[in-house]
2 protein chains.
Amino acid sequence: MKDIVAYNDIHADHWSRAAAIRTLTLDAVAAANSGHSGMPMGMADVATVLFEKHLKFDAKSPDWFDRDRFILSAGHGSMLLYALLHLTGYEDMTLEQVKNFRQLGAITAGHPEYGHAKGIEVTTGPLGQGIATSVGFAIAEESLRARWGRKVVDHHTYVIAGDGCLMEGVSQEAIAMAGHMKLGRLIVLWDDNGITIDGKVEISDSTEQKLRFKASGWEVIEIDGHDPEAIDAALTRAKASKRPSMIACKTHIALGSSAQDTSKGHGALTDAQLITDTKAAYRWVNGPFEIPAEIKQQWEAIGTRGAADREAWEARVADLSERKQAELARIIAGEPPKKLAATIRALKKQVAETQPKVATRKASEMVLEVVNPVMTETIGGSADLTGSNNTKTADMGVFSPEDRKGRYIHYGIREHGMAAAMNGIALHGGTYPYGGTFMCFTDYARPAMRLSALMGVGVGYVMTHDSIGLGEDGPTHQPVEHLAMLRATPNTLVFRPADVTETAEAWEIALTAKDRPSVLALSRQNLPTVRTEFKTKNLTAQGAYVLAEAEGKRQVILMASGSEVEIAMAARAALQEKGIGTRVVSVPCMELFRQQDEAYRRRVLPAGPVRVAVEAAVRQPWDAFLLGERGREQKAAFVGMDSFGASAPAEVLYEHFGITAAKVAEAAEALL
Amino acid sequence: MKDIVAYNDIHADHWSRAAAIRTLTLDAVAAANSGHSGMPMGMADVATVLFEKHLKFDAKSPDWFDRDRFILSAGHGSMLLYALLHLTGYEDMTLEQVKNFRQLGAITAGHPEYGHAKGIEVTTGPLGQGIATSVGFAIAEESLRARWGRKVVDHHTYVIAGDGCLMEGVSQEAIAMAGHMKLGRLIVLWDDNGITIDGKVEISDSTEQKLRFKASGWEVIEIDGHDPEAIDAALTRAKASKRPSMIACKTHIALGSSAQDTSKGHGALTDAQLITDTKAAYRWVNGPFEIPAEIKQQWEAIGTRGAADREAWEARVADLSERKQAELARIIAGEPPKKLAATIRALKKQVAETQPKVATRKASEMVLEVVNPVMTETIGGSADLTGSNNTKTADMGVFSPEDRKGRYIHYGIREHGMAAAMNGIALHGGTYPYGGTFMCFTDYARPAMRLSALMGVGVGYVMTHDSIGLGEDGPTHQPVEHLAMLRATPNTLVFRPADVTETAEAWEIALTAKDRPSVLALSRQNLPTVRTEFKTKNLTAQGAYVLAEAEGKRQVILMASGSEVEIAMAARAALQEKGIGTRVVSVPCMELFRQQDEAYRRRVLPAGPVRVAVEAAVRQPWDAFLLGERGREQKAAFVGMDSFGASAPAEVLYEHFGITAAKVAEAAEALL
């Protein structure tokens with residue numbers, strides 16, 4: 001407490017600005033009767049200096065493309081961000097919103113939610129995600145700076161991360177990637193307060209964090225996180241570094257309260273006496289949510305500090321050729337190039353002529369080979385499975401400290417870090433990221449993939465080896481439940497294309513989807529062309545469609561996706577041979593099928609015929625389609641997996657698990 | 001190549017033993033025409049010295065409880081393990097099995113599968129899992145040694161890990177935990193070969209691994225991984241360390257072949273000429289799969305080297321009191337104590353009398369409070385949410401370097417590392433691990449939880465805050481799709497109990513399940529006692545049961561789990577008031593319900609009445625029960641979530657998302 005008084009005396013202006021953050025936090029948490037007070041109270045000094053002297057932004061023009069990005073990885077301290085946005089004058093962050101902290105409909109959610117308010121660059125809260133996502137922001141900045149020049153792109157990415165962020169494994173992936181790629185514009189401020197929910201950090205961790213960052217090639221600086229001059233000097237030094245920087249800020253959680261330096265201080269401080277005493281320690285004499293005009297003015301001046309810079313940038317952009325200006329506007333808006341549709345169409349046409357038999361992972365490569373040259377904002381990559389995921393196309397170049405224009409990233413064996421970085425690349429804007437791994441390892445990437453969906457970010461997940469068709473690597477590498485998991489996740493497009501045509505259509509939708517992620521589940525094994533006739537229309541956009549109509553009376557409808565469409569077609573042939581009229585419905589994307597109107601859905605899946613679905617995965621997502629619209633009676637069966645896979649050649653496994661045309665036909669006949 | 005000849009000359013015996021591993025690998029991979037040759041070829045020297053001079057084991061008694069554990073974290077190099085097991089004389093690992101590498105039904109799967117063969121301590125392949133699981137093995141050893149003394153438990157855990165393992169984030173969680181806990185019996189051999197699938201490690205990583213381990217408090221040793229004397233000396237030094245040890249073994253992947261030190265060497269070397277040339281470099285003159293008798297004898301002598309130790313251990317155990325012997329046998333067999341059933345019953349009886357209204361996370365704590373004293377082999381923990389998960393009971397003590405008898409682990413903010421460690425604790429034997437986090441963060445733990453299911457390990461996941469009932473923390477912390485994800489995973493028991501009674505019953509099943517993991521999805525919010533009458537029988541074991549029968553003609557069946565059972569009961573009351581006979585079926589565990597015979601399932605869910613399921617999560621897993629047995633017509637509806645949640649108080653959210661008794665009753669009436 002003595003320290004606070006001393007700081008107050010030495011840096012009076014700074015301290016009253018910081019106190020505004022601290023008291024808004026206390027008041028908002030008290031009003032909500034929930035939340036996290038301690039972190040904003042501890043990091044207010046760091047944030048104040050960052051916003052006052054370093055962060056390049058203009059609160060009145062929050063979408064300015066060349067702004068610095070500020071990421072609150074320790075998202076539970078959301079009031080720190082809300083207070084900063086309110087104080088600096090972001091229009092949507094009104095005092096009313098702050099007062100409604102954590103209430104329904106307010107933009108001030110418990111954790112910062114991307115899209116709720118300007119200035120929230122990324123959704124954080126699940127620990128480690130912010131720091132991992134920030135790597136993507138820094139990659140995008142480097143990449144775009146290399147391509148557009150410093151006149152157009154020239155900014156930093158700042159992150160506040162806590163002990164929780166650094167304990168999560170994904171932080172190691174992020175730290176290693178950033179160090180390896182020498183992302184010098186990335187600056188992480190570590191809130192080194194020594195406290196977690198369970199108690200002191202020392203009960204669960206003894207890591208020398210500074211040494212750990214050094215081991216990954218980072219610049220490491222250590223300061224008193226309550227000393228504004230030290231904070232300023234450290235930020236200046238970090239900005240000058242060619243390597244990413246970590247500033248270890250020694251802070252006191254819940255500074256100035258009786259809960260200071262305790263795990264109690266980590267949570268919601270709502271006791272009235274505690275709040276009164278704490279405000280007194282800050283020499284804060286104003287009522288709840290009251291910010292003296294003078295202090296608000298100081299903050300608002302900080303908020304518009306970047307206006308001149310922003311105007312100069314706008315002038316520089318206006319100096320670009322019209323073509324370049326249009327191109328910049330397009331990629332910032334996340335619009336695909338006009339040529340995309342024609343490119344996809346041309347490929348579909350060619351494929352209808354040649355009818356190739358290739359794996360859909362290869363099909364995906366064929367698509368990317370024609371897309372990447374016309375859509376130069378793509379940034380591809382793989383978590384060390386480049387040759388298996390088929391994600392690298394000719395002339396992409398490899399992104400590295402030596403080649404910032406390279407458009408391919410070797411993410412290493414870091415599926416989780418890759419997915420988080422992809423989120424960051426997309427959120428930064430001006431780029432479209434896609435990345436690959438084995439479908440089974442969506443498990444590793446899962447927390448970041450969920451955030452793609454929750455934030456509504458257009459990224460492309462290239463998940464190959466999507467079933468027991470993977471073969472000999474065995475059950476650890478064979479997805480069984482992953483399609484169900486992804487389809488259960490809101491706001492996610494899960495594509496499982498059956499051939500090159502469907503793969504091209506899926507990619508067209510993915511590359512055009514600005515507000516949700518796409519997962520392409522792709523086969524390892526070769527698949528025949530099942531859509532043999534060229535159609536201009538993107539049939540995959542309907543989610544499911546009639547691939548082959550019944551001849552004669554329609555008695556059976558077979559539904560399938562991906563590699564099992566071939567099996568369904570063979571089963572149809574067998575059934576038709578017996579005079580049993582059989583329709584095959586290809587289901588490349590259940591989510592899009594659900595979005596079709598009822599008339600279409602009933603046309604594709606009319607009541608009456610027996611239904612058999614076949615997919616080399618668990619049944620769960622298919623039940624809805626076996627049930628039929630409005631619960632109308634349907635005799636139905638499913639041919640697929642109800643256990644983990646096994647290690648053997650793919651064709652042996654399909655036979656072993658009974659996922660064959662004969663079994664499908666048998667299941668249909670048994671229902672007739 | 002020159003090196004090899006030189007080594008051959010200096011250490012002729014060692015080199016022919018190691019060559020046996022290398023050539024078996026070459027032959028098995030060639031026969032399978034798939035697999036990974038390079039890693040076993042590179043690490044054969046390290047493994048040979050480890051097995052020859054350090055690993056405490058008896059190939060003829062592979063289940064010996066006090067054996068050292070050997071974990072191949074780089075599981076793609078499975079032939080290294082299979083070769084070692086075959087050569088040292090493990091009975092089930094016949095030459096025939098090695099010849100059938102990666103074939104259906106063989107115990108020699110693409111990646112080592114726990115349960116396939118003795119000597120496979122854990123399923124590996126998904127990178128990083130082995131090293132993370134090994135932390136659990138080392139915890140179990142320390143814990144049991146403290147409780148039983150060195151005469152009964154006194155062994156080491158050895159791990160071979162590759163670059164991929166170290167790049168995965170979970171390795172950081174593991175390294176930090178092991179260093180913090182000072183697990184001196186844990187020794188990691190890093191296969192430092194500088195190669196990944198995409199190329200040289202340097203294209204994706206520049207981490208100074210040795211510094212990174214040091215930052216976490218490890219002993220670090222660096223050696224030439226082909227020098228048997230250096231390997232021996234390093235292992236001796238590591239065994240003497242009080243801290244966990246990492247031995248960086250500089251090796252050549254695919255040693256001696258033309259693919260040495262390349263990413264090609266990482267994969268399957270199947271070219272006949274390459275194999276011939278490589279064998280020549282090894283001075284190996286035998287045919288495929290041929291091991292000269294002399295070399296096999298040397299290896300078999302290594303295999304029985306530990307027999308005397310094992311016999312001495314058996315004698316020491318026989319010296320224990322009868323009570324202690326019985327207790328040791330019980331915990332090794334993983335049998336719960338006889339008292340467990342009576343303990344659960346007593347709690348149920350008490351609860352029926354007091355009818356408490358508590359959150360099921362609190363209910364779980366009530367169960368653990370009575371279970372932990374009678375089942376002293378439990379090891380509890382939480383990923384820094386102890387007070388929220390309610391996982392710590394009185395008198396457990398905290399496991400630490402100072403208190404090895406402590407039975408509670410502060411895992412830190414490391415859900416993934418926790419889950420992997422729990423797998424290791426369980427696999428070691430003699431202990432039952434449970435651990436908690438928020439249900440939403442099953443995402444982080446997912447790769448290890450999948451392995452729990454794949455291996456069939458009895459562990460308990462305490463996943464609290466299991467829905468939007470979590471409230472203000474918002475959608476990042478509110479599970480919506482997670483029940484679907486877990487229920488889609490084979491061999492996993494997912495419990496969502498509705499009150500203290502069901503929670504007690506779920507725990508009884510979980511603690512008794514030796515061959516699969518259990519997930520307890522528990523509420524943050526208080527729930528009334530819905531099972532008001534005491535029943536001796538464990539009704540949760542039936543998966544679903546009639547909680548309240550319809551009065552009058554049965555027109556409606558409401559199905560619900562967990563916190564929504566209360567809502568279903570209120571909806572029933574409203575419907576009955578209108579004269580609509582309504583049954584409520586509580587569904588605490590879908591998996592167990594599926595395992596009941598058809599007669600029971602039809603008794604609980606007879607055809608005819610309309611069905612409404614209610615769960616604050618996505619619909620996907622319920623479709624099967626809404627469909628009804630045999631696809632018979634069912635008018636059905638679902639009340640739940642079809643989007644992510646939001647930040648607001650829980651009761652506001654239930655209202656907002658329409659998960660209320662009124663909406664359930666309305667849905668039922670609409671179907672009548």
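I count a salt bridge when a side-chain nitrogen of Lys or Arg lies within 4 Å of a carboxyl oxygen of Asp or Glu. The model I am working from is predicted.

**Entry 1, salt bridges.** I looked up Arg496(A) and Asp466(A), and their side chains form a salt bridge at 2.9 Å, N to O. Arg496(A) sits in the loop between strand S13 (493-495) and H21 of chain A, and Asp466(A) in the loop between strand S12 (460-464) and helix H20 (482-488) of chain A, so this pair ties together parts that are 30 residues apart in sequence.

**Entry 2, chain A against chain B.** I then turned to the interface. I find 97 residues of chain A in contact with 98 residues of chain B. The two chains bury about 7,800 Å² between them, and 57% of that is on carbon and sulfur atoms. I count 10 salt bridges between chain A and chain B. One I looked up joins the side chains of Asp205(A) and Arg414(B) at 2.6 Å, N to O. On the side of chain A that touches chain B, helix H19 (residues 442-455) gives the most, with eight residues. I sorted that side of chain A by class and got 40 nonpolar, 35 polar and 22 charged residues.

I went back to H21 (residues 500-512) of chain A, which packs with helix H15 (residues 339-354) of chain A at an angle of about 175 degrees, their axes 9 Å apart. Angles over 145 degrees count as roughly antiparallel, so I note H15(A) as roughly antiparallel to H21(A). From H15(A) I list Leu340(A), Ala341(A), Ile344(A), Leu347(A), Lys348(A) and Val351(A). They meet residues of H21(A) including Val500(A), Ala504(A), Glu505(A), Glu508(A) and Leu511(A). By class, the residues of this contact are eight nonpolar, two polar and three charged.

Methods
Residues are numbered from 1 along each chain as its sequence is written. Chains are lettered from A and ligands numbered from 1 in the order in which they are written. This is a predicted model: local features need pLDDT of at least 70, side-chain atom pairs count only at pLDDT 80 or more; totals for chains, interfaces and linings use all residues. Side-chain values use heavy atoms; hydrogens and water are left out. Axes are lines fitted to C-alpha atoms, for helices over the stretch in contact, and angles run from 0 to 180 degrees between N-to-C directions. Helices (H or I, at least four residues) and strands (E, at least two) are DSSP runs, numbered from the N terminus. Angles under 35 degrees count as roughly parallel, over 145 as roughly antiparallel, 65 to 115 as roughly perpendicular and the rest as oblique. Contact means heavy atoms within 4.5 Å. Ala, Val, Leu, Ile, Met, Phe, Trp, Tyr, Cys and Pro count as nonpolar, Asp, Glu, Lys and Arg as charged, and the others, Gly among them, as polar. Buried area is the accessible area (1.4 Å probe) that two parts lose on being put together, summed over both.
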